[in-house]
Structures are given as C-alpha cells and as structure tokens.
There are 2 protein chains.
Amino acid sequence: MKKKKYSISELASELEISPSSIRFYEEKGLINPERTKGNQRIYSMRDRARLKLILRGKRFGFSLSEISEMIGFANSEPEEKHQLERSLEYSEKKLSEIAQRKEELELIEKDLLEMKEKFIKRLQKLKE
Amino acid sequence: MKKKKYSISELASELEISPSSIRFYEEKGLINPERTKGNQRIYSMRDRARLKLILRGKRFGFSLSEISEMIGFANSEPEEKHQLERSLEYSEKKLSEIAQRKEELELIEKDLLEMKEKFIKRLQKLKE
DNA sequence: CTCAAACTTAAAGTTAAGTTAAACTTAAAT
DNA sequence: ATTTAAGTTTAACTTAACTTTAAGTTTGAG
C-alpha cells in the first residue's frame with residue numbers, strides 16, 4: 001500500500017501541468033488537498049487519482065463544471081431512492097454522449113484516411 | 001446535381017449555429033463565400049460541406065487553428081514530392097491523435113460504467 | 001541562524017471562441 | 001415607393017480556463 005504524499009510541484013510535474021492549474025482546479029472546487037501546519041498543500045494518492053480523472057475528462061471535451069458535476073455524483077453516497085435514480089440517469093446520459101462522440105470520431109477518421117490515400121496515390125504517380 | 005445556394009441565415013439555421021459564428025469562421029480564414037452584387041454572402045454546397053467539416057472537427061476537440069491547418073492540407077494540390085510527403089506525414093499524425101482519443105474515450109467509458117453499476121447495486125439493495 | 005527554493009494568496013492579464021450592439025445598407029413584400 | 005426583414009462592418013463585451021505578477025511565508029540545507 002502506497003501512502004505517498006505529493007507537494008504541489010511534484011504532482012504538477014508528474015501530471016505535466018502547472019502548479020497554478022492545480023490551484024485553479026481547487027479554486028473551482030474540483031479538489032481539496034490537506035494542508036501542512038504552514039498552510040502548504042499536500043496531495044494524497046486519492047487526490048492524484050482525482051486529478052487524473054479531471055485531465056481525462058478535459059481531453060474528452062468535458063468542461064470543468066461538467067467534470068465537477070460528475071465528480072459530485074461519483075462521490076456522493078446517495079442513499080435516497082430518488083437521488084440514486086437521478087445519478088443513474090446522469091451516468092446513462094453521459095454514456096450516450098460518449099457513444100455519439102465515438103461515431104463522430106469514426107467520421108473524422110474516415111475523412112483523414114481519404115486524405116491520406118489521396119496523398120499516397122499522388123506520390124505513386126510521381127514515381128512512375 | 002444540386003447547385004443550391006444559401007444565405008447566411010439559411011445555412012446557420014440548417015447547421016444550428018448562429019450567423020455570427022459563420023462570420024467569425026470567415027474572419028478566421030476558414031471559409032470564403034461569394035458575395036452578391038450588394039455584398040451579401042452566398043454559400044455554395046461546397047461551403048456548406050466545409051462548414052460541416054469545421055463543426056465536426058470542433059466537436060472532436062480540434063481548435064479552429066488546427067482545423068484551419070487541416071483544411072489547408074486537404075485543399076492544397078501539392079505536386080511537389082516534398083510537399084506531398086509533408087502532407088502525408090501530417091495526416092498520419094492526426095490519425096494517431098485520433099487513435100489516442102479513442103483509447104481515452106474507452107477509459108472514460110469504463111469509469112462511467114463502473115459508476116453506473118454502483119448506482120444500480122445500491123438501488124437493488126434498497127429494494128430488498 | 002541564514003538564505004534560497006518552494007510555497008502562499010489575491011488580483012490582473014491572456015487567449016480562444018464566440019456574442020452583442022450600433023450604425024448603416026440591401027432585398028423582398030405590399 | 002415604402003416599409004421591414006435580413007444583411008453588412010467594426011468594435012466592444014463575455015466566458016472559460018488558465019497564466020503571470022506581486023508581495024509575502026514556510027521549508028530544508030548548510
């Protein structure tokens with residue numbers, strides 16, 4: 001069991017983002033690291049995992065507030081039936097968004113493949 | 001053969017974006033519609049196709065300047081060998097970016113599926 | 001203890017991608 | 001011919017997501 005703790009700059013360089021971005025995410029309510037006696041931030045493995053999730057979400061195209069919403073749902077322990085149903089719906093909605101993105105990805109890929117083929121053919125003609 | 005021409009607002013409503021966005025894309029050099037005698041923009045099928053490509057690229061996460069670069073490559077008719085090779089490289093680079101995105105998509109999908117399963121299990125426990 | 005490196009906050013600055021507003025022109029409908 | 005809907009340009013405004021700066025504090029090495 002690793003209990004490693006990170007300073008802000010350690011974590012930043014590991015994740016290849018700037019310390020300021022990490023502070024910015026905190027300001028937006030996406031993470032909440034502990035503090036030392038002297039008020040400096042200390043990040044746990046859990047914090048690091050959460051940051052990775054944030055970055056993945058960003059690369060996918062979610063906005064910070066969407067990510068924040070998702071994290072909220074993921075971390076709440078809703079024992080009330082209605083709450084649970086809402087959370088379930090939410091995750092289904094996001095999953096269908098992902099399905100749509102996948103399709104779009106295929107379309108773009110097709111465009112690019114066609115482009116590539118054209119270039120290849122032209123190159124071959126040049127060699128004749 | 002359809003030779004339909006569009007006014008800016010027709011095209012905008014068809015693509016579900018605002019006329020101002022279309023003008024903005026033009027300002028950024030992404031399209032270049034013809035003009036009427038009275039200086040109003042007229043869009044051809046070709047322009048419409050290009051706009052669709054722009055929107056697809058955006059949904060994928062490309063920035064406007066990346067899209068602009070892509071369009072440049074797609075539309076150039078490079079007959080010089082070196083140019084062609086550069087274009088080929090470019091399309092391969094973009095294709096590998098897409099492959100990466102696909103993997104990330106899978107990761108996020110996994111996260112969300114886990115979340116969903118959790119919610120479902122809790123709901124079932126409530127019913128016991 | 002001292003000093004530099006790393007940290008802190010708060011506020012201002014930046015960039016991308018639009019949107020909105022003002023002032024004017026063109027096209028279409030009656 | 002007149003009115004109105006749609007279009008034009010230019011410039012200012014907006015929002016998200018950071019980044020930078022300034023001024024001060026904490027930590028770790030020697």
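The model is predicted. Chain B places 43 residues in contact with 42 residues of chain A, and the area buried between the two chains is about 4,200 Å². Around DNA strand C there are 19 residues.

**Interface of chain B and chain A**

- Carbon and sulfur atoms give 73% of the area buried between chain B and chain A.
- B:L105, B:F119 and B:R122 supply 15% of the area that chain B buries against chain A, more than any other three residues.
- The interface holds 10 salt bridges, and 9 residue pairs across it are in polar contact.
- One salt bridge joins the side chains of B:E106 and A:K102, at 3.5 Å from N to O.
- On chain B, the elements that give two or more residues to the side touching chain A are α3 (45-60), α4 (64-75) and α5 (81-127); α5(B) provides the largest share, 29 residues.
- That side of chain B is made up of 22 nonpolar, 4 polar and 17 charged residues.

- The residues that come nearest to DNA strand C are A:S9, A:R23, A:R41, B:S18 and B:S21.
- Of the atoms of DNA strand C that come within 4 Å of the protein, 87% belong to sugar and phosphate.
- Polar side-chain atoms of A:R41 and B:S18 each lie 2.7 Å from a phosphate oxygen of DNA strand C.
- The surface near DNA strand C comprises 4 nonpolar, 11 polar and 4 charged residues.

Methods: Residues are numbered from 1 along each chain as its sequence is written. Chains are lettered from A and ligands numbered from 1 in the order in which they are written. This is a predicted model: local features need pLDDT of at least 70, side-chain atom pairs count only at pLDDT 80 or more; totals for chains, interfaces and linings use all residues. Side-chain values use heavy atoms; hydrogens and water are left out. Contact means heavy atoms within 4.5 Å. Buried area is the accessible area (1.4 Å probe) that two parts lose on being put together, summed over both. A salt bridge is a side-chain nitrogen of Lys or Arg within 4 Å of a carboxyl oxygen of Asp or Glu. A polar contact is a pair of N or O atoms within 3.5 Å; within protein, one must be able to donate a hydrogen and the other to accept it, and residues adjacent in sequence count only if both atoms are side-chain atoms. Helices (H or I, at least four residues) and strands (E, at least two) are DSSP runs, numbered from the N terminus. Ala, Val, Leu, Ile, Met, Phe, Trp, Tyr, Cys and Pro count as nonpolar, Asp, Glu, Lys and Arg as charged, and the others, Gly among them, as polar. A residue is near a molecule or strand if one of its heavy atoms lies within 4 Å of it.
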